[in-house]
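Subject: Structure handover

Hi,

Here is the structure I promised to pass on. Please open it and keep it beside you as you read.

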Amino acid sequence: MQSWNAPEVPTIEGQGIVPRVHDTASGGLRELSGVGGRVGMYVCGITPYDSTHLGHAATYVAFDTLNRAWRDAGLDVTYVQNVTDVDDPLLERAEDTGVDWRELASSEIEKFRGDMAGLRVIPPAHYVSVVDSVDLVVTAVSEMLRTGSAYVVGDDVYADLAADALVGSIGHLDDAEMDTLFAERGGDPDTPGKRHPRDPLLWRGRREGEPSWPGGDLGEGRPGWHIECAAIARDHLDIPMTVQGGGYDLVYPHHEMSTSHLREVTGRQHPAEAFVHTGLVGYQGHKMSKSRGNLVFVSQLAADGIPADVVRLVLLAQHYRTDWEYSSAQLGAAARRWQRWQDAAHLARDTDESATIAALRAAIADDLNTPAAVAIVDAWAARPGRGRAVIAAVSALLGVEIG
Ligand code: 5CA
Ligand code: ZN
């Protein structure tokens, strides 16, 4: 599927630094340099039933920061993102609003592209629709049935998690926590015939009034959620991939399950080198979420005349792993900061700034510490005799234009 227009990313003087990033599974920092100069990143994409909100933007800007740091370090990045363009919440919203589910998905995907391009997020090399990937899912589920890591319940197919001793090794949750989150986040613990309440759906047999596709021996149906990301990642990335990413709300069950499925279909015990998760953005006291409706839309901020640079500076002022609460006062603070940086850029000279650029790179390489990076640029902007080279570094590493 078409992604979106790429921003211009200038090259910077000197040598970039390979970042060290927090891995949810091990709980420690990992230096992520891939294999032979190549890194692969899979970031879970949107379910397109509503517009991009600041929580989504924070997550995609965080992974954009990693992408930019890798490129600056000279690594060859393959970035893959899916779009969950068929799933229960999308079908329910379409039903409730009387819009065809395909139209709802395609109009929201189109808006998302505009929002991401507007925010200068570097697009994925492969932006992959689940509807376009049903064959990949059918192949993966059929393999799992053949090898005994999946089983049939009526018209549906479920994963047999008992086949995988490593399930749970990403989130390290106890049974009660997994039970709660499984039920809250799309799982169906009470379906009769399952071997374990937390076994996830792989293939949902055709139901009256729901979209379905030919599934070969599986019969007509549609993909389950977690298997889509496993099948798409396997098709578009070398496994082990370097990073599997998304918001913290995806640790369980989504990444735990999709990683288990990837283990089954690749034979690799560790299909990702690191699992990187962003903190959740809240608003009005709760996680910003489509289901709750407490949303600040990226497109609305743009319509209100807020420049992308200001939105990015709101997001970059937070550390990506910290949960935080958005308030409109942050927009004012970011706008003032952007103005200070622009004023400083206009008066900049050709003096040496290699130390500032090295410090900026080091901050980002230290688990994407963008608040520290922003403080370094603040200090540069406040210093007389500042050098011009920082302007390109701010553009390349932070995606903020001040020149
Ligand atoms: N389509 C699935 C992933 S396969 C999905 O979770 N879609 S989503 O539209 O609900 O979320 C898209 C991405 O935004 C996910 O990585 C999710 O973790 C992240 N996200 C959602 N809400 C927030 C939030 N409030 N703060 C930060 N990130 C968020
Ligand atoms: Zn996903």
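Below is what turned up around the ligand and in the cavities.

Bear in mind that this is a predicted model.

Start with ligand 1. The shell around ligand 1 has 24 residues, and the closest include Gly45, Thr59, Thr84, Asp249 and Lys290. By class, that shell holds 12 polar, 9 nonpolar and 3 charged residues.

In Thr59, a side-chain N or O atom sits 2.7 Å from a nitrogen atom of ligand 1. Thr84 also places a side-chain N or O atom 2.7 Å from a nitrogen atom of the ligand. Asp249 has a polar side-chain atom 2.6 Å from an oxygen atom of ligand 1. On its own, ligand 1 has 600 Å² of accessible area, and the protein covers 95% of that.

Which elements build the shell? Helix H1 (54-72), helix H6 (225-236) and strand E10 (241-247) each give at least two residues. H1 gives the most, with 4 residues.

Now the cavities. There are 3 of 30 Å³ or more. The largest cavity holds about 160 Å³ of space. Its lining has 17 residues, with Ala58, Ala62, Leu315, Gln318 and Tyr320 nearest the centre. Of the lining residues, 9 are nonpolar, 8 are polar and none is charged.

H1 turns up here too: H1 and helix H9 (308-316) each supply at least two residues of this lining. H1 again gives the most, now with 5 residues.

Best wishes

Conventions: Residues numbered from 1 in each chain as written. Chains lettered and ligands numbered in written order. Predicted model: local features only at pLDDT ≥ 70, side-chain atom pairs only at ≥ 80, totals over all residues. Heavy atoms only, no water. Near = heavy atom within 4 Å. Polar contact = N/O pair within 3.5 Å; in protein donor to acceptor, adjacent residues only side chain to side chain. Areas by Shrake-Rupley, 256 points an atom, 1.4 Å probe, with all protein chains shown as cover. Nonpolar A, V, L, I, M, F, W, Y, C, P; charged D, E, K, R; others polar. 1 Å grid on protein atoms, 1.4 Å probe; cavity = no way out; pocket = protein on both sides within 12 Å on 5 of 7 lines; lining within 4 Å. Points joined across faces, edges and corners; volume = space filled by probe spheres on them.
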